[in-house]
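Hi,

Here is the structure I promised to pass on.

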Amino acid sequence: MFYFVIDILGTIAFAISGVLVAMEKKLDLFGVIIIAFVTAIGGGTLRDLLIGDTPVVWMRDSVYVITISGTVVFAILFRKKLRYLRTSLFLFDTIGIGLYTMVGIEKGVQAELLPVMCVALGTITASFGGVLRDILCNEIPVIFRKEIYATACILGGSFYFLLTYLTVKDQYAFLAAIVLVISIRLLAVRFKIALPNIYS
Amino acid sequence: MFYFVIDILGTIAFAISGVLVAMEKKLDLFGVIIIAFVTAIGGGTLRDLLIGDTPVVWMRDSVYVITISGTVVFAILFRKKLRYLRTSLFLFDTIGIGLYTMVGIEKGVQAELLPVMCVALGTITASFGGVLRDILCNEIPVIFRKEIYATACILGGSFYFLLTYLTVKDQYAFLAAIVLVISIRLLAVRFKIALPNIYS
Amino acid sequence: MFYFVIDILGTIAFAISGVLVAMEKKLDLFGVIIIAFVTAIGGGTLRDLLIGDTPVVWMRDSVYVITISGTVVFAILFRKKLRYLRTSLFLFDTIGIGLYTMVGIEKGVQAELLPVMCVALGTITASFGGVLRDILCNEIPVIFRKEIYATACILGGSFYFLLTYLTVKDQYAFLAAIVLVISIRLLAVRFKIALPNIYS
């Protein structure tokens, strides 16, 4: 139940972030809906395709489509109020990447992939929706240019495998990794920490 | 036989629309060929990947590759005459999306997906080739910005499930849905109907 | 062993070409890493997805991830020296597309696809990484605009099937095709041969 709530909150946050970007680009109603969907399910879709777990998850469970549709309706109706929610949205989004990272890792473990591949899968799950959103809106993906985002996923995912290697119980390691992803992301934004500049 | 002819006409129309966009962008011969292929088979490819029906359909049946290759040769040879064909092309394209929508839905039904997922699959089949074409040509996909396109697919696909729910015979519902997709698209273009503006 | 060395050299060359493009776009460290990976494994990933051979190859064998990671570290450390290596890089890249083409064709043959589909798979394997690199960097893919690149793959791949049709022993045909891809590419660049201009 707890995981489910977080998963849905993450989906909502990703969908809203898609709506915001699509509306900035003045896309039409259909464009906004598609960008919201792609942002919310793009990462999980690529993950499922890469490991061959098809039909992809959102096609098997309608809760994602229903959640995203409801979110888009809500976001468009209250589009003028959305700016006041920026902080909450950022929190949802951050919680979302924490959970999505671990969902992806879990799937990789089930598919018996090596830890490094699992971490890659987790990072893809958490970040690829945003990448697709930016490509469809004809932008260089924001996570390639700014802030610590995927880096948080990679560090958190690696921490999970470190803990399980140290024989920490799986569910504790799982939770600790989520907390680490979220903490790194929050601290990076709060203190404006970015990746080292490689151009100087 | 009837379906096959329409399918091929749709493939031709999509391929020509790819050639036209690629030539506007001054791509080289290979670029034009690729864009033509991607436009014609992109939607079906994504559909097959999402439901895990691989190798994807154009790899198993060479009729698509042959049709598209012939179309590209023809389109390049007669590139100066293509503008006179715009109306016929638009008709082919519209018939194409009608049929592609239902082909996608049919595949979804066979994969035992929920109706809403089938409609999504149909819409992806009909519209994703054009999306890929525009991404490869570095444009925001035209269907996110203008006119009723995917909306026609969604309404037609939903109508199909409504009819089958009302126990209409499958092949009649199939045909009625194709006619509806085509009609909505034609009427939308004829009377310049667009999606409601969400920015006012 | 021979194939393995060439494969790794190809992967390195593709990864470096990704680093170079990403640094031109001033992406951050994560962006550079991702573009390097995508350039090196994008073609093989799409190939595996299209034929349904999942998990995709780089997820099953860590040699690719290790090679690419090492290459990125090296390329960033010695980024100011990379321009002196341009000729060697071009050679690696050219050898890479020769081999990648045949790896893709081999996979297609194993999946019992028609020769024309195998050639398409080979061309995708060799060229799609570069296409993804350019899309992610918000450019029209360079292979759609310049030089003989995919054309070399297509001609080399077709030559392979011609030779096997003439009952040439498989490994000789394989090697001859690689040599042909490499030769066409080298000659095209050396003598500035491009595809015929279709816009005059």
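This is a predicted model: local features need pLDDT of at least 70, side-chain atom pairs count only at pLDDT 80 or more; totals for chains, interfaces and linings use all residues.

A:Arg47 and A:Asp48 are joined through their side chains in a salt bridge, with 3.0 Å from N to O. Are these two buried or exposed? A:Arg47 has 3% relative accessibility, so it counts as buried, and A:Asp48, at 0%, is buried too.

A:Asp134 is buried, with a relative accessible area of 5%, and A:Arg133 is buried with 10%. As for the general idea, side chains of opposite charge can pair when their charged atoms come close. Over all chains, the search of the whole structure turns up 15 salt bridges.

Now the interfaces. How many salt bridges run between chain A and chain C? The count there is 0, and there is 1 residue pair in polar contact, both residues being at pLDDT 80 or more. On the chain A side, the elements that give two or more residues to the contact with chain C are helices H2 (29-51), H6 (115-136) and H7 (150-165). H6(A) supplies the largest share of that side, with 8 residues. In total, the contact draws 31 residues from chain A and 29 residues from chain C. Together the two chains bury about 2,400 Å², and carbon and sulfur atoms account for 73% of that area.

For chain C against chain B, the buried area is about 2,400 Å², with 72% coming from carbon and sulfur atoms. Salt bridges across this interface number 0, and 1 residue pair is in polar contact, with both residues at pLDDT 80 or more. Looking at the side of chain C that touches chain B, two or more residues each come from helix H2 (29-51), helix H6 (115-136) and helix H7 (150-165) of chain C. H6(C) gives the most to that side, namely 7 residues. The contact involves 30 residues from chain C and 29 residues from chain B.

Last, a helix in chain A. H4(A) covers residues 63-77, which makes 15 residues, and spans 21 Å from its first C-alpha to its last, close to the 21 Å expected at 1.5 Å a residue. Which of its residues are buried? They are A:Tyr64, A:Val65, A:Thr67, A:Ile68, A:Thr71, A:Val72, A:Ala75 and A:Ile76. Viewed down the axis of H4(A), these fall within an arc of 165°, so they line one face of the helix. On the face turned away from that buried side sit the exposed residues A:Ile66 and A:Leu77.

Cheers

Conventions. Residues are numbered from 1 along each chain as its sequence is written. Chains are lettered from A and ligands numbered from 1 in the order in which they are written. Side-chain values use heavy atoms; hydrogens and water are left out. Helices (H or I, at least four residues) and strands (E, at least two) are DSSP runs, numbered from the N terminus. The expected span of a helix is 1.5 Å times one less than its number of residues. Buried means under 20% relative accessible area, exposed over 50%, partly exposed in between (1.4 Å probe, protein chains only). The arc is that of the directions from the helix axis to the C-beta atoms. Contact means heavy atoms within 4.5 Å. Buried area is the accessible area (1.4 Å probe) that two parts lose on being put together, summed over both. A salt bridge is a side-chain nitrogen of Lys or Arg within 4 Å of a carboxyl oxygen of Asp or Glu. A polar contact is a pair of N or O atoms within 3.5 Å; within protein, one must be able to donate a hydrogen and the other to accept it, and residues adjacent in sequence count only if both atoms are side-chain atoms.
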